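I opened this structure to look up its salt bridges. My notes follow.

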Amino acid sequence: MVQSQASSFDAISPTALMVAYTRQFTDIPYGKELAQLVNAESFIEQLQQKKLSQPSEVSVLVEARYKAVNQVISQHLQFETTQIIELASGLLPRGMAMSQNQNITFVESDLPAMISQKQQLVKRLIGERQNLYFEAIDATNQPSQFPLNVNYLHQNQPVVVLCEGLLTYLTLVEKQKVFANVREILLVYGGVWITPDLTTFDGLNQLRQISPGLQRLNRTASNVSGRAINNYHFENIDHVKQFAYEQGFNIKEYSMLEVMNQITCLKPLGIEPEVVKSMLAIGSTFVLTLCNS
């Protein structure tokens, strides 16, 4: 059963190419280089031939999501040595950027085929770093495949768990499994979980009014991944908070408007600042901690 599930999730991996393509219009470190190495533009051209293109506004959301997560991370780097575990890291360049700091231990993880490819891409771009690790992990698998009791993580130091773009592809039952696995690792190490992935139908409907093309993007992501992601969102923010509490987490919300002045893709893509402001007003980054911690 595990093998079948992993194979199903492998179909999500190509969506990383869609997102990698949009990062080349931003100043995100290594964004352009990764997009070029995987020939993301060719992948987008194939989608366009099938009339499954994506609106330029998605670059705003991708850039804002990345920078909002980074900003919240910086507020939680309270220790001289920091341990970060990124779930479903795909073609995200965060590990390469953050591991430049030798005081940070950064663990990238994804499904076996994806993380193997990522490791080779990283090696081509920056070589090998002793503080950057790659682990094959299905975040929904139970028992957990998370790095528990490994020699490169210190149990007396907390971890920062990240995921950016993972939970939106998972059903509520699958989300519960990820929550359980994150809860387990935070019980061992302590720390926080940071994610912008707790999307709601309320928020999505508002975004569609600002940018109707986002509806086409959702259809594209569903077609590429084979996942009915339009059915996988929470109803509203109250549903998010209730769900998190039922899984044993407290939750704090940060507005993506906080990174409005960091968005760089407006000029190359010809996007009006007011449109960006309206979009970011809807987005949030969430910090989850264990109840009673």
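**Salt bridges, looked up one by one**

I began with K123, which is partly exposed at a relative accessible area of 46%. I take buried as under 20% relative accessible area, exposed as over 50% and partly exposed as in between (1.4 Å probe, protein chains only). The model is predicted, so local features need pLDDT of at least 70, side-chain atom pairs count only at pLDDT 80 or more, and totals for chains, interfaces and linings use all residues. Residues are numbered from 1 along each chain as its sequence is written, and side-chain values use heavy atoms, with hydrogens and water left out.

K123 forms a salt bridge with E128 (a side-chain nitrogen of Lys or Arg within 4 Å of a carboxyl oxygen of Asp or Glu). Their closest N and O atoms are 3.6 Å apart. E128 is exposed, at 68%.

I then looked up E164. Its salt bridge partner is R65, with the closest N and O atoms 3.4 Å apart. This pair links distant parts of the chain: E164 sits in the loop between β4 (159–163) and α8 (172–189), R65 in helix α5, 99 residues apart. Helices (H or I, at least four residues) and strands (E, at least two) are DSSP runs, numbered from the N terminus. E164 counts as buried at 6% relative accessibility, and R65 counts as buried at 18%. I also found R65, E86, R94 and E164 linked in a network of salt bridges.

Next came D27. It forms a salt bridge with K67, the closest N and O atoms being 2.5 Å apart. D27 lies in the loop between α2 (15–23) and α3 (31–37) and K67 in helix α5 (residues 58–74), so the pair ties together parts 40 residues apart in sequence. D27 is partly exposed at 46%, whereas K67 counts as buried at 10%.

My count by this rule: 7 salt bridges.
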